[in-house]
Amino acid sequence: MTLRRAGWLLLLLAALGALGAIAAYGVLQRWLDTPLAIGEVAIEIDIPRGQSLAATARELEARGVLEHPRWLQAFARTTGADARIKAGEYAIVPGTTPRGLLALFESGAVVQHSVTIVEGWTFRDLRDALEKEPHLDNTLAGRDDAAVMTALGEDGMHPEGLFFPDTYLFGKGTTDLEILRQARERMRRELDAAWTARADDLPIQTSYQALILASIVEKETALAAERPRIAGVFTERLRIGMRLQTDPTVIYGLGTGYDGNLRRADLERDAPYNTYTRAGLPPTPIALPGAAALQAAVRPDERGELYFVATGLPDGSHEFSRTLAAHEAAVKRYLVRYRQRNSGR
């Protein structure tokens, strides 16, 4: 074969190779933009920390979702996407392409779960809820409350009332401690803001006392419109040195000894949380107050009222009074409604 013919042959082979490469590139691009075999319902995949893209691609292949997993790996290696994959739980929606899949894994837009902390819960209620949340990493089981507060960097702090009730979003693998940390910081911000905006001449001196009062207001009524007025009653009592005489503090002090029935003996037995036998606020909050209760505690609606009692109406409302005589009459009206409501049982 002459040199001239050999040169033409090499040129032809190079041309064929280039055409093959162009064809292969076109095939790859079409494949990258072809929807995955997901069906009509989104699927979820969990990428543990440290897992390679190759392992993830093989899992998707085994589930019948992804063809040619090595193509995905090769493309990701070429673009550098393989080094930008973020661990987490992802939802792959119908219509997602291999190119979109890589973008999803790079984005870190993991599936968001939620846990709701309810206004009026105690810290024990909160811990129980976190322990039952299946998507949280439970790291606090077996630790007592003091150890939990130490883990939060607040050694020796009583935990009651320190966590803001709200719905918190999180990705799979988030720890229960992280949720507590978020709720703690949120309560700190909410309480600071409320205390800064407090009314003048309150009979409480610190934001922590406001938190205690807010927790009592939270437990006394579920009606948002009543919270400032109930706070006003307690503020008036604190101002004149009258005992708060509120059942929720006594119930809290009884702890697990409370069986749902508050007895006269419970009200007469002196204890730190018995506001019938002790003047002033109890030593700590008794529940988790929400924003409305916090605001009510620092900006109470003071009308000179010293008493309130349930009306017995279905709306859960209360009747407020300035004098003991008026209060006793309101109690009688409540008892009449109570007996009427329960007479058919």
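Mentor: Thr-284 is buried, as its relative accessible area of 7% lies under 20%. Please bear in mind that the model is predicted.

Trainee: Where is the place of Thr-284?

Mentor: Thr-284 sits in the loop that runs between helix 11 (264-268) and helix 12 (291-298).

Trainee: And which residues does Thr-284 touch, leaving out those up to four places away in sequence?

Mentor: With those left out, the contacts of Thr-284 are His-158, Glu-160, Tyr-208, Ile-212, Tyr-252 and Tyr-273. With Tyr-273 there is also a side-chain to side-chain polar contact of 2.6 Å.

Trainee: Turning to Glu-319, where is it found?

Mentor: Glu-319 belongs to strand 6 (residues 318-321). Its relative accessibility is 24%, so Glu-319 counts as partly exposed.

Trainee: What does the side chain of Glu-319 make a polar contact with?

Mentor: The partner is the side chain of Arg-333, at 2.4 Å. Glu-319 also touches Ala-330, which is eleven residues away along the chain, with a C-alpha separation of 6.7 Å.

Trainee: New topic: at what angle do the axes of helix 3 and helix 4 cross?

Mentor: The axes of helix 3 (residues 69-79) and helix 4 (residues 98-107) cross at roughly 55° and come within 11 Å. The two helices are therefore oblique to each other, and the crossing is right-handed.

Trainee: Which residues meet there?

Mentor: Helix 3 contributes Leu-72, Phe-75 and Ala-76, while helix 4 contributes Pro-98, Arg-99, Leu-101 and Leu-102. Six of these residues are nonpolar, none is polar and one is charged.

How values were computed:
Residues are numbered from 1 along each chain as its sequence is written. This is a predicted model: local features need pLDDT of at least 70, side-chain atom pairs count only at pLDDT 80 or more; totals for chains, interfaces and linings use all residues. Side-chain values use heavy atoms; hydrogens and water are left out. Helices (H or I, at least four residues) and strands (E, at least two) are DSSP runs, numbered from the N terminus. Buried means under 20% relative accessible area, exposed over 50%, partly exposed in between (1.4 Å probe, protein chains only). A polar contact is a pair of N or O atoms within 3.5 Å; within protein, one must be able to donate a hydrogen and the other to accept it, and residues adjacent in sequence count only if both atoms are side-chain atoms. Contact means heavy atoms within 4.5 Å. Axes are lines fitted to C-alpha atoms, for helices over the stretch in contact, and angles run from 0 to 180 degrees between N-to-C directions. Angles under 35 degrees count as roughly parallel, over 145 as roughly antiparallel, 65 to 115 as roughly perpendicular and the rest as oblique. A crossing is left-handed if the near helix is turned anticlockwise from the far one by less than a right angle, and right-handed if clockwise. Ala, Val, Leu, Ile, Met, Phe, Trp, Tyr, Cys and Pro count as nonpolar, Asp, Glu, Lys and Arg as charged, and the others, Gly among them, as polar.
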